[in-house]
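Reader: Can you walk me through this one? I'd like the fold first, then the packing.

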Amino acid sequence: MNIKERDSSRRRLTDEESPYLQQHVDNPVEWYPWGKEAFERATREGKPVFLSIGYSTCHWCHVMAHESFEDDRVAAFLNEHFVSIKVDREERPDVDAVYMTACQAMTGSGGWPLTLFLTP
C-alpha cells in the first residue's frame with residue numbers, strides 16, 4: 001500500500017466513532033467501515049470482500065489484529081486481492097447477526113473474531 005492509499009484508509013476509519021474501528025486505524029490493511037463505498041469498490045474492481053467482525057474488548061480479536069492485520073505481508077495480500085471491511089459487532093449488531101447466523105449454519109459454530117469472504 002502506498003502512502004496515499006494508507007492515508008485514505010486511515011481517514012475512513014478515523015471518521016468512525018467505534019472504539020474497535022479506531023483500534024485498526026494504523027493497520028496496514030486498507031480497511032473500510034461497513035457501507036456502500038466498500039461494496040461499490042469491490043464490484044468495480046471485481047474483488048471479493050474480506051469481512052472481519054469483532055469488538056474492542058475481545059481478546060482473540062486483539063490477537064488476530066496483532067498476528068495478522070499488523071503484518072505487512074498479510075496486509076499486502078489482502079489489499080491486493082480483496083476489499084477489506086471491518087465491523088464492530090457492538091455498533092452493528094444487525095450485520096453481526098446476519099453473518100454469525102450464516103457462519104453457524106455453514107460450520108456448526110461461531111465466535112469472534114468472525115471472518116468471512118463475501119461476494120460484493
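Author: One term before we start: buried means under 20% relative accessible area, exposed means over 50%, and partly exposed is in between, with a 1.4 Å probe and protein chains only. This is a predicted model, where local features need pLDDT of at least 70 and side-chain atom pairs count only at pLDDT 80 or more, while totals for chains, interfaces and linings use all residues. Residues are numbered from 1 along each chain as its sequence is written, and side-chain values use heavy atoms, leaving out hydrogens and water.

Reader: Got it. What's the strand order in the sheet?

Author: 1-3-2-4, in an open sheet of 4 strands with mixed pairing. Helices (H or I, at least four residues) and strands (E, at least two) are DSSP runs numbered from the N terminus, and two strands pair if DSSP finds at least two bridges between them. Strand 1 (31–33) and strand 4 (114–118) are the edge strands, each pairing on one side only.

Reader: And strand 2 with strand 3, parallel or antiparallel?

Author: Parallel, over 6 bridges. Leu51 has Ile85 as its bridge partner in strand 3. Strand 1 also pairs with strand 3 (residues 83–88) in the parallel sense, over 3 bridges, and there Trp31 stands opposite Ser84.

Reader: In what sense do strand 2 and strand 4 pair?

Author: Antiparallel, with 5 bridges. Ser52 faces Thr115 of strand 4 across that pairing.

Reader: How many residues of strand 2 are buried?

Author: 6 of the 6, so strand 2 is largely enclosed by the rest of the structure. Val49, Leu51 and Ile53 point one way, whereas Phe50, Ser52 and Gly54 point the other way.

Reader: Moving on to the core. Which residues have the most contacts inside the largest nonpolar one?

Author: Val49, Leu51, Ile53, Ile85, Tyr99 and Leu114, in a core of 17 residues. A nonpolar core here is a set of buried Ala, Val, Leu, Ile, Met, Phe, Trp, Tyr and Cys residues joined through side-chain atoms within 4.5 Å. Helix 3, strand 2, strand 3, helix 6 (93–107) and strand 4 each give two or more residues to this core, and helix 6 supplies the largest share, 4 residues. Apart from it lies another core, of 15 residues, including Val29, Tyr55, Cys61 and Ala75.

Reader: What does Leu114 touch?

Author: Leu51, Ser52, Ile53, Asp96, Tyr99, Met100 and Cys103, not counting residues up to four places away in sequence. Contact means heavy atoms within 4.5 Å.

Reader: Switching to rings. How many aromatic pairs does the whole structure have?

Author: 10 of them. Rings of Phe, Tyr and Trp (its six-membered ring) pair if their centres lie within 6.5 Å, and planes under 30 degrees apart count as stacked, over 60 as edge-to-face and the rest as tilted. Take Tyr55 and Trp112: their ring centres are 6.0 Å apart and their planes are at 80 degrees, so the pair is edge-to-face. Tyr55 is in the loop between strand 2 and helix 4 and Trp112 in the loop between helix 6 and strand 4, so the pair ties together parts that are 57 residues apart in sequence. At 28% relative accessibility, Trp112 counts as partly exposed, while Tyr55, at 18%, counts as buried.

Reader: What about Phe82 and Phe117, how far apart are their ring centres?

Author: 5.4 Å, and the planes are at 45 degrees, so that pair is tilted. Phe82 counts as buried at 13% relative accessibility, but Phe117 counts as exposed at 53%.

Reader: Last one: which residues of helix 3 are buried?

Author: Ala38, Phe39, Arg41 and Ala42. Their cover includes strand 1, strand 2, helix 5 (72–81) and strand 3. On the face turned away from that buried side, helix 3 carries the exposed residues Lys36, Thr43 and Arg44. Just after helix 3, Gly46 takes a positive phi of about 65 degrees.
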